[in-house]
Amino acid sequence: MVLDMGGGDKVLSEHANDMALPEFCAASGIDPLAIYMMGPDRDDFEHVSSIFKAGYFQSERALLVLNESMVKAGKGAAGAFDFVFDEDEFDNIIKLVKIVRMPRLACMDAIRAEGMTFFQAAAGQKGASGRALSLGHQFMVKTWLNRMEQAVAAVQDWLP
């Protein structure tokens, strides 16, 4: 089961609170994994911080994913998230999460346009247009998959 409470959606966060989601998971034998996605924008951090402060859902297994794909074009990912580490609230959050950096994948638009999974793109399978991605894009996806595998290695047993 996936419950996406992104973008400040109050309806789902209130539903999760009303449902007593942590208690529901415990009673159902579910080991929940909370994943907090964040781009290099102060508003993204404020959203994540507000979820923690409100206590809608706390899990012993929690990831804070720093999404480098959200770095604006022309800017490098190095230092893009430095402001987060300087926030006082980050000290409270870091005690409860493991940090994963999701590297930028420059050919993401091409993958989406072809309606492919990352694995299909990396394997050179044909997409919606009847063509595979270029060899360069296939290499980029393979490299990205390897980097993601390394990024989540410490929490691999948490993932499906």
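A salt bridge is taken here as a side-chain nitrogen of Lys or Arg within 4 Å of a carboxyl oxygen of Asp or Glu. The structure is a predicted model, in which local features need pLDDT of at least 70 and side-chain atom pairs count only at pLDDT 80 or more, while totals for chains, interfaces and linings use all residues. Residues are numbered from 1 along each chain as its sequence is written, and side-chain values use heavy atoms, with hydrogens and water left out.

By the salt-bridge rule, the count comes to 2. In one of them the side chains of Arg101 and Glu68 meet at 3.4 Å, N to O. Arg101 lies in strand S3 (residues 98-102) and Glu68 in the loop between S2 and H4, so this pair ties together parts of the chain that are 33 residues apart in sequence. Helices and strands are DSSP runs numbered from the N terminus, a helix being H or I with at least four residues and a strand being E with at least two. Arg101 is partly exposed, with a relative accessible area of 34%, whereas Glu68 is buried, at 11%; buried means under 20% relative accessible area, exposed over 50%, and partly exposed in between, with a 1.4 Å probe and protein chains only.

The side chains of Arg42 and Glu87 also meet in a salt bridge, at 2.2 Å from N to O. This pair links distant parts of the chain, since Arg42 is in helix H3 (residues 42-54) and Glu87 is in the loop between helix H4 (82-86) and H5, 45 residues apart. Arg42 is partly exposed, with a relative accessible area of 42%, and Glu87 is partly exposed as well, at 21%.

The chain as a whole gives these pairs their setting. Its secondary structure comes to 8 helices and 3 strands, and from the N terminus on the elements run α-α-β-α-β-α-α-β-α-α-α. Of the 160 residues, 34% count as buried. Residues 24 or more positions apart account for 64% of the contacts with a separation of 6 or more, where contact means heavy atoms within 4.5 Å. The chain exposes about 9900 Å², of which carbon and sulfur atoms supply 52%; accessible areas come from the Shrake-Rupley method with a 1.4 Å probe, and for residues only the protein chains shown count as cover.

We turn next to the aromatic rings. A pair of aromatic rings is described by the distance of the centres and the angle of the planes. Rings of Phe, Tyr and Trp (its six-membered ring) pair if their centres lie within 6.5 Å, and planes under 30 degrees apart count as stacked, over 60 as edge-to-face and the rest as tilted. A search of the whole structure finds 2 aromatic pairs. The rings of Phe85 and Phe90 have their centres 5.0 Å apart and their planes at 80°, so this pair is edge-to-face. Phe85 counts as partly exposed at 34% relative accessibility, whereas Phe90 is buried at 5%. The rings of Phe118 and Trp144, with centres 4.5 Å apart and planes at 40°, form a pair that is therefore tilted. Phe118 lies in helix H7 (residues 118-122) and Trp144 in helix H8 (residues 135-151), so the pair ties together parts that are 26 residues apart in sequence. Here Phe118 is partly exposed, at 26%, and Trp144 is buried, at 7%.

Ile94 is found in helix H5 (residues 88-94) and counts as partly exposed, at 33% relative accessibility.

Asn67, in strand S2 (residues 62-67), counts as buried at 11% relative accessibility; leaving aside neighbours within four places in sequence, Asn67 is in contact with Met37, Met38, Gly39, Pro40, Phe81 and Met102. Gln138 is in helix H8 and is buried, with a relative accessible area of 11%. With the neighbours within four places again left aside, Gln138 is in contact with Ala121, Ala122, Ala123, Gly124, Ala132 and Leu133.
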